[in-house]
Amino acid sequence: MKQSLFETSHKAEWEQFSLTLDRLERGKDASRIAGFPKDYRQLCQHLALARERGYSSFLIDSLQQLVLRGHQQLYRHRSRLGANLLGFILADFPRLVREQWRFVLAAGLMFFGSLISFALLVYLFPDLVYNLIPAEQVSEMQSMYDPVAGHLGRTAERAASEDWVMFGYYIMHNIGIAFQTFASGLFFGLGSAFFLLFNGLIIGAVAGHLTHVGYGQTFWSFVIGHGAFELTAIALAGAAGLKLGWALIAPGRLPRAEALRLAARKSVLLICGVMVFLLIAAFIEAYWSSMTAPEPMTKYLVGAALWALVATYLLFAGRTRHAPE
Amino acid sequence: MLETTALPRKATLSPPLDTRHQVETPEGIDLPLRPAGLMVRALAFAIDLGIRGLILGLLFIVLAFLGKLGAGLGSILLFGVSWWYMVLFEVLNQGRSPGKQWMGLRVVQGDGTPIGWSASLLRNLLRFVDLLPFGYFLGAISCLQHPTFKRLGDLAAGTLVIYREQPLTRPQLPEATPLRPAFALTLPEQRAILAFAERQGELSEARAHELASILAQPLQVPAPHAVVALNGIARGLLGPA
């Protein structure tokens, strides 16, 4: 069959297909597309014929463009996240955390281990804190949690309107740290390990120092509430980073690039959960932890309840087979 | 006669000279994608960086009048613009941030399908690593050594930055009386003759003659008539208009 005859006999179909594609690409009006897959396959056949018969480049290139556009519409990856956010939060995320327990355990040990051990060290040998944190920062930190000041958080003077400022600040600061901890895992996990240990040491040093100088009450009652979400989130972000690194160190039977791609697909889901955790943490930190009205005892109780909540959530949510769909 | 250019059986094919990346669809069609190299991507990124700077500058001026509330909003905005600008544009605007749109690029999955939330988030979070130790050093190295120019974020997310398809205009074939070639043409020869006729509008007359005269001997026509003979064969292959 000559090219011009081929073109004239199928031109109408191609134009129709192109119009359908325009509609689909604009994302509106998904009606009248029941025949789309069939038309697409028809078009693929036309392209194959055109190539096989040695038709001209113009015809083949334009058919190729149509096929590519059709391919992009027919085989688009449906994002499971956006469609099923509730299911993800209620079941899939804790399931994923349990599935990746090795990395979570390793990251948790690095982060909480360095935090607790350095806090104890600083509490016993107070001068150690100056090895890690410059003296002026220590005194700044100290004034923040001074029981006499009456307000908590980053500034001594803090009114209700400032809660909003701090909310924004916490979101930016904490999620930024979580993202860094995750991304640097690409260096064979070393970056994540570094950030986990480093942040653990800093927080531990501050905690140990403030407890030593007698500001323990203000400090612990401030941090215990949001710490449940914030610290867990950092550890989970580190676990996601370690997973990336491990895929490069021990890719198993896959090529490294492929192993990395598969690991990254899971890690990014962990990071989505981490972001939810950090949003909650920022909210608690700005609006509950900074309140000075409740007794410290109340804060400890609420804080303990929040820790228990996080632990129960990660350990038990989504265990039943037909968890909320 | 023409020398045969067909490769002997089992000869290893030499890698193609261009950077096309073939994607095979489930229908058995090979779709060529054209990956974008380091330079054009760096330019696109520079444009995006400028736009982001501009947005933040303007917003901070506005927010400065709002006092404390403005400071809170400002840090959320800074976070949003620095971490989410690329992701939002890539997912909601068919893989094109403004810079990429300007340079005629788009991001797709490795198999040519549109990019989704998780892949886009991943490739943009790992940008942090590509930036290290300074000025996209690692990203540039990775981009330069990879056959389809992937930076580390692209490797992990399985994404590809390609040139967007430009709309084609129908070329005008030169007028000629249809001819039947004196011998059977192979498919590549047929394609080459058609391409010669389609591209003649872009070639100078002297160049067209130079190219056509290579074929004067096998076509058994005097060299000055080779262009007309080739156009005639092309017309004949194409069929009546």
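Modeller: Let us begin with a helix pair: A:Ile89, A:Phe93 and A:Leu96 in H5(A) meet A:Lys266, A:Leu269, A:Leu270, A:Gly273 and A:Val276 in H12(A). Residues are in contact if their C-beta atoms, placed from the backbone, lie within 7 Å. Helices are DSSP runs (H or I, at least four residues), numbered from the N terminus. The model is predicted; local features need pLDDT of at least 70, side-chain atom pairs count only at pLDDT 80 or more, and totals for chains, interfaces and linings use all residues. Residues are numbered from 1 along each chain as its sequence is written, and chains are lettered from A and ligands numbered from 1 in the order in which they are written.

Colleague: Why are H5(A) and H12(A) called oblique to each other?

Modeller: Their axes, lines fitted to C-alpha atoms over the stretch in contact, come within 10 Å and cross at roughly 125°. Angles run from 0 to 180 degrees between N-to-C directions. Under 35 degrees counts as roughly parallel, over 145 as roughly antiparallel, 65 to 115 as roughly perpendicular and the rest as oblique; H5(A) and H12(A) are therefore oblique.

Colleague: Which classes make up the contact of H5(A) with H12(A)?

Modeller: That contact has six nonpolar, one polar and one charged residues. Ala, Val, Leu, Ile, Met, Phe, Trp, Tyr, Cys and Pro count as nonpolar, Asp, Glu, Lys and Arg as charged, and the others, Gly among them, as polar.

Colleague: How many residues does each chain bring to the contact between chains A and B?

Modeller: Chain A gives 51 residues and chain B gives 47 residues. On the side of chain A, the largest share, 14 residues, comes from H9(A).

Key
Two residues are in contact if their C-beta atoms, placed from the backbone, lie within 7 Å. Helices (H or I, at least four residues) and strands (E, at least two) are DSSP runs, numbered from the N terminus.
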